[in-house]
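Student: Hi! I'm new to this structure, could you walk me through it?
Tutor: Happy to, ask away.

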Amino acid sequence: MLTESVFTQQLFNMRDAYRADNAWVQGWRKWDDDAIMNTFIKGAYGLYAATAGNALKIIVLGDTEIRSMKELLLNFGLMSANGVQETADAIMVNDLQQQRRQVAMGTAGGLAAKTPVLGPGSILSDKMWTPILNDALMLGSIECGCDFYLGLNTAEQAAWDNGGFNSDVATTSAVFGGAAASTRDRFQNKWLSFLLQQPQMLWRGGIPRVFARELIALKSFGYKPVFSKSGLAFEPGKGEMVGPVGFESYIKQLDSVKFHQSNQPMVLGAISKFLFDDATALAR
């Protein structure tokens, strides 16, 4: 992993690219000031360094709601180096930490270490959030060889359960038609059908979601999707690397699909190829 000085210098040298690509951040974070930008870069390094301490070696991706879902947090904890994003979440974290203490005390002989909910966990929540910080999480976790899992929010989980996706019967024959559907893994088919029904997971309000940005990173740095009845995961070292793991390479990959120009055909085409071996699958 990069040292703090190298990390800081690399990101500071790329600050204008991040500003140009993410102009919307200025109205919220005021990062046109170099001193302020430097504080966000240092905050991002804290998160990047924390990924090395992720004991589970798992990162859970998904909508912002998942960082407030108690069951997920109790099991996976929060990845944060600068404090949680919302005050309500901080209160919830204290409550969940007490629950973890009680669980630890109830084991045979008790546990000496009560693993904190807040720290090098698996679900991102950090008050210093910017696209730089999100990229730092992805790149640090990729360098550490973490597995990634998609976490569904409440509405998405209800759609999955109520749509019959838990069934062992393939659900996409209507999408592909008999012979074409039979050539695909049935779980891959289920996830394609689900994403077609839930397009806001990748694209909303005319712009790509953060999850789409994260999928470009996984695609670019050698990850492979793993589909199952209960989830969508990404494993390292099974896909094709298109460049060295790093911020400059990542930005080049985002630029190659005109991510920041919200070029939907190119972005979704790249993601569709990555997930379903067919650049047109998500355009159906």
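Student: What stands opposite L150 in β5?
Tutor: L61 stands opposite L150. This is a predicted model, where local features need pLDDT of at least 70 and side-chain atom pairs count only at pLDDT 80 or more, while totals for chains, interfaces and linings use all residues. Residues are numbered from 1 along each chain as its sequence is written, and side-chain values use heavy atoms, with hydrogens and water left out.

Student: In which sense do β1 and β5 pair?
Tutor: They pair in the parallel sense, over four bridges. Two strands pair if DSSP finds at least two bridges between them, and a strand is a DSSP run (E, at least two residues) numbered from the N terminus, a helix likewise (H or I, at least four).

Student: And which sense for β5 and β9?
Tutor: Antiparallel, with two bridges joining β5 to β9, residues 232-235. The bridge partner of Y149 in β9 is A233.

Student: Which side chains of β5 are buried?
Tutor: F148 and L150, which point to one face of β5 (residues 147-150). Buried means under 20% relative accessible area, using a 1.4 Å probe and protein chains only.

Student: Why do they alternate?
Tutor: In a regular strand, side chains alternate between the two faces of the sheet.

Student: New topic: is F227 buried or exposed?
Tutor: F227 is buried, because its relative accessible area is 15%. F227 belongs to strand β8, residues 224-227.

Student: What does F227 touch?
Tutor: Leaving out residues up to four places away in sequence, F227 touches F187, Q188, W191, L232, L275 and F276. Contact here means heavy atoms within 4.5 Å.

Student: How much space is in the largest pocket?
Tutor: About 900 Å³. Of the 37 residues lining that pocket, the closest to its centre are W129, P208, R209, V210 and F211. On a 1 Å grid over the protein atoms alone, a pocket is an open set of points where a 1.4 Å probe fits, with protein on both sides within 12 Å along at least five of seven lines; lining residues have an atom within 4 Å of a point. The volume is the space filled by probe spheres set on the points, which are joined across faces, edges and corners.

Student: Which element gives the largest share of the lining?
Tutor: α12, with four residues.

Definitions and conventions. Buried < 20%, exposed > 50% of the residue type's maximum accessible area, 1.4 Å probe, protein only.
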